[in-house]
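Subject: Structure handover

Hello,

Here is the structure you are taking over. My notes follow below.

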Amino acid sequence: MPSILTALLIALVSVTPTVSPGQTSEPVVIAHRGASGYLPEHTLEAKTLAYAMRADYIEQDLVLSKDDHLIVMHDIYLDKVTNIRDVFPQRARQDGHFYVIDFTLEELKRLEVTGPFLSGMGQTRPQFQGRFPLWQSHFQLATFAEELELIRGLNQSLGYNVGIYPEIKKPWFHHREGKDISRKVLQALKHHGYTTGADKVFLQAFDAEELQHIHTELMPQLEMELPLIQLIAESDWGEKLVRHAGEWIQYDYNWMRTPEGLEKISRYAAGIGPWHPMLLDERGKVNSLVADAHRLGLRVHPYTFRADPDQVPEDFRSFEEFVLFYFEEVHVDGIFTDHPDKVRALRKQANHQKNP
């Protein structure tokens, strides 16, 4: 393990073991792409720091390489977090993007990784100001197997029980490219000992039809029973495209936020992952989505809570007020956050206020 990982663990891991599932009803802290508020997202270093900060779950976004390795990567293309344009300048597709699926693992390991950046006028700038500097130190893309080995190894050596929260990215795209990413993900999970919810794992996707396929066909075939989470997007985000009249069009997500839609979701999923504004009405008041989900036994894990000053919604005076509102007023069951240490501290504060 690189020395940076060891140093992070020595500096930050406490001695109190993680509470196992079923022993507490407090909301879970999910490290969104690792401790991505502090280190480049989805690197092993960011995941180790998230572990050291004692996240309950650590997220892995998954895409496939050309040679069928599961790569921990938020996007299906490499443009915004690697130096792909410098290393393989002629390998972009016609749309200008460099797709993970067009590169072998050996090629992907040659890339340098940094935090998400924006490009324009021949320059790049960080998407989030004040975070780890762009292009400093040395970070690589990781495979799903490497990350699972890391987390399971730390659970064994430290005696904790930190869970995983993988997301299958754009199954429709992988199917169009001739690859069954969902089967690959399930096979990898089973190989590493994740077969039921007791193994502290949630499996998430924005694709409802793919989750239903996993629930009714793939998991029974593989003798697995994982809790699934239906992520909810705005329809114009492009999380899923469907073929209609010979064209690819945006999938309509609006049905998921209705009582009837939630009832349908409850037949195949254990919970929902909405964008946090979806839980409020136009006046900023709590709407019925959480209560409707809870009546059906669905967990609610909204995304993404970032402590960067320009990422806190203007209706809240601080990150602390933002998070505590969702804990105490919205009554969510967990939070995806780039800053797991801050959210853990706020959860402790909220618990103390309830039970002084």
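In which loop does Trp135 lie? Trp135 is in the loop between β5 (123-126) and β6 (142-143); helices (H or I, at least four residues) and strands (E, at least two) are DSSP runs, numbered from the N terminus. Trp135 is not a glycine, yet it has a positive phi of about 65 degrees. Its relative accessibility is 36%, so Trp135 counts as partly exposed; buried means under 20% relative accessible area, exposed over 50%, and partly exposed in between, with a 1.4 Å probe and protein chains only.

Two notes on the source. This is a predicted model, in which local features need pLDDT of at least 70 and side-chain atom pairs count only at pLDDT 80 or more, while totals for chains, interfaces and linings use all residues. Residues are numbered from 1 along each chain as its sequence is written, and side-chain values use heavy atoms, with hydrogens and water left out.

The whole protein

The protein has twelve helices and 14 strands. Its radius of gyration is 20 Å, close to the 21 Å that the globule rule gives for 356 residues, so the protein is as compact as a globular protein of that length. The radius is taken over C-alpha atoms, and the rule is 2.2 Å times the number of residues to the power 0.38. The C-alpha trace spans about 60 × 55 × 45 Å along its principal axes.

Of the 356 residues, 53% count as buried. Among contacts (heavy atoms within 4.5 Å) with a separation of 6 or more, 70% are between residues 24 or more positions apart. The protein exposes about 16300 Å², of which carbon and sulfur atoms supply 49%; areas come from the Shrake-Rupley method with a 1.4 Å probe, and for residues only the protein chains shown count as cover.

From β1 to α2

The loop between β1 (28-31) and α2 (44-52) holds His42. His42 also has a positive phi of about 65 degrees without being a glycine. His42 has a relative accessible area of 3%, so it is buried.

Glu41 is placed in the loop between β1 and α2 as well, and at 12% relative accessibility it counts as buried. The side chains of Glu41 and Arg33 are joined by a polar contact of 2.8 Å. Such a contact is a pair of N or O atoms within 3.5 Å; within protein, one must be able to donate a hydrogen and the other to accept it, and residues adjacent in sequence count only if both atoms are side-chain atoms. Leaving aside residues up to four places away in sequence, Glu41 touches Arg33, Ser36, His74, Val81 and Pro116.

Why is α2 largely enclosed by the rest of the structure? Eight of the nine residues of α2 are buried; among them are Glu45, Lys47 and Tyr51. Just after α2, Arg54 takes a positive phi of about 70 degrees.

Toward the other end of the numbering

A cis peptide bond, with omega about -25 degrees, joins Tyr303 and Thr304. Thr304 lies in the loop between β13 (299-300) and α11 (319-330).

Helix α11 contains Glu329, which is partly exposed with a relative accessible area of 47%. Not counting residues up to four places away in sequence, Glu329 touches Val286 and Leu324. Glu329 and Gln230 are 99 residues apart in sequence and 23 Å apart in space, C-alpha to C-alpha.

Regards
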